Amino acid sequence: MSDVTSTLSEETSATREVGELLANWPYPPPGGWTADDLDRLPQEGPHGEPDFFKHVELVDGALIFMSPQKRFHDVVIRRLANSLEAQAPEHLAVATQMDVVLGVRQRPCPDVLLIDAALDREHDRTAYVPEEVHLVVEVVSPESEFRDREVKPRRYAAAGITHFWRVEAENGVPAVYVYELDSATRAYVPTGIHRDKLSVQVPFPATIDLTALLG
């Protein structure tokens, strides 16, 4: 798929120019922010601030600017992704910090994603759609606790993403809270809390030494 947002409703802002989007900054543009708008935002801010829009996601129509991350967050993302990639079957691939377009006003950026392997060669992609994503992982930071624990899981589940993991720092060591989608209720149900070692059978059999992620 060359344009992941082509199936969104006609409410999308495909014709809006960057100037219009930022004309009334910091207020939303006419009609509010949409998932497509993120592809048209410049890296610089409205007054030339470098990398102003480099790390931003859209949740419930609001732009969320991600604050500088602690070393825990960075290391866990990279090493968890590497561990998953080393064990993933050939038809699956791992991505990090790539957007998922859940709807016109929903474009979160999970920390780790499990996607169809064929998509790994589409280097121009800026986002995926739920049908292409099998697992999303959020590594919780102090500023993202409410979104990662409450808001985003509900949005991912409503979009039909089958697996969700939440990684928490417990005494400085990662603990992984694992959830699977109940397709009847479109809600996640917990299947386990993993400390020291993560061992799962779905979305594929994998075992990860959690204590080694920060080693």
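Predicted model: local features only at pLDDT ≥ 70, side-chain atom pairs only at ≥ 80, totals over all residues.
Local features need pLDDT of at least 70 and side-chain atom pairs count only at pLDDT 80 or more, while totals for chains, interfaces and linings use all residues. Residues are numbered from 1 along each chain as its sequence is written, and side-chain values use heavy atoms, with hydrogens and water left out.

Let's start with the rings. Searching the whole structure turns up 10 aromatic pairs. Rings of Phe, Tyr and Trp (its six-membered ring) pair if their centres lie within 6.5 Å; planes under 30 degrees apart count as stacked, over 60 as edge-to-face and the rest as tilted. Trp25 and Phe52 make an edge-to-face pair, at 5.7 Å centre to centre with 80° between the planes. That pair links distant parts of the chain: Trp25 and Phe52 are 27 residues apart, with both in the loop between helix 1 (18-22) and strand 1 (56-59). Helices (H or I, at least four residues) and strands (E, at least two) are DSSP runs, numbered from the N terminus.

How covered are these rings? Trp25 is partly exposed at 24% relative accessible area, and Phe52 is also partly exposed, at 26%. Here buried means under 20% relative accessible area, exposed over 50%, and partly exposed in between (1.4 Å probe, protein chains only). Trp25 has another edge-to-face partner in Phe65, with ring centres 6.1 Å apart and planes at 80°. This pair also links distant parts of the chain, since Trp25 sits in the loop between helix 1 and strand 1 and Phe65 in strand 2 (residues 62-65), 40 residues apart. Phe65 is partly exposed too, with a relative accessible area of 33%. Step back and you get a cluster: ring pairs link Trp25, Trp33, Phe52, Phe53 and Phe65.

The peptide bond from Trp25 to Pro26 is cis, with omega near 15°, and Pro26 lies in the loop between helix 1 and strand 1.

There is a ring contact of another kind at Tyr177. The charged end of Arg166 sits over the Tyr177 ring, 4.4 Å from its centre. The criterion is NZ of Lys or CZ of Arg within 6 Å of the ring centre and within 35 degrees of the ring normal.

Now for the largest pocket, which has a volume of about 630 Å³. The search runs on a 1 Å grid over the protein atoms alone: a cavity is a set of points where a 1.4 Å probe fits but cannot get out, a pocket is an open set with protein on both sides within 12 Å along at least five of seven lines, and lining residues have an atom within 4 Å of a point. Grid points are joined across faces, edges and corners, and the volume is the space filled by probe spheres set on the points. Of the 34 residues lining the largest pocket, Lys54, His55, Val56, Met66 and Cys109 are the closest to its centre. Strand 1, strand 7 (133-139) and helix 3 (145-159) are the elements that give two or more residues to this lining, and helix 3 has the largest share, with 3 residues. By class, the lining has 12 nonpolar, 9 polar and 13 charged residues. Ala, Val, Leu, Ile, Met, Phe, Trp, Tyr, Cys and Pro count as nonpolar, Asp, Glu, Lys and Arg as charged, and the others, Gly among them, as polar.

On to the strands. Strand 3 (residues 92-96) is mostly covered, with 4 of its 5 residues buried. It pairs with strand 5 (residues 112-116) in the antiparallel sense over 5 bridges, where two strands pair if DSSP finds at least two bridges between them. Within this pairing, Val94 has Leu114 as its bridge partner.

Strand 11 (residues 197-200) has two faces: Leu198 and Val200 on the covered one, Lys197 and Ser199 on the uncovered one. Strand 11 runs antiparallel to strand 12 (residues 206-209), joined by 4 bridges, and Leu198 has Ile208 as its bridge partner. A hairpin of 5 residues connects strand 11 to strand 12. Pro203 is in that loop, and the peptide bond joining Val202 and Pro203 is cis, with omega about 5°.

Last, the phi angles. Asp60 is not a glycine, yet has a positive phi of about 55°; it is found in the loop between strand 1 and strand 2 and is partly exposed at 40%. Asn171, also not a glycine, has a positive phi of about 55°. Asn171 lies in the loop between strand 8 (163-170) and strand 9 (173-182), and is exposed, with a relative accessible area of 83%.
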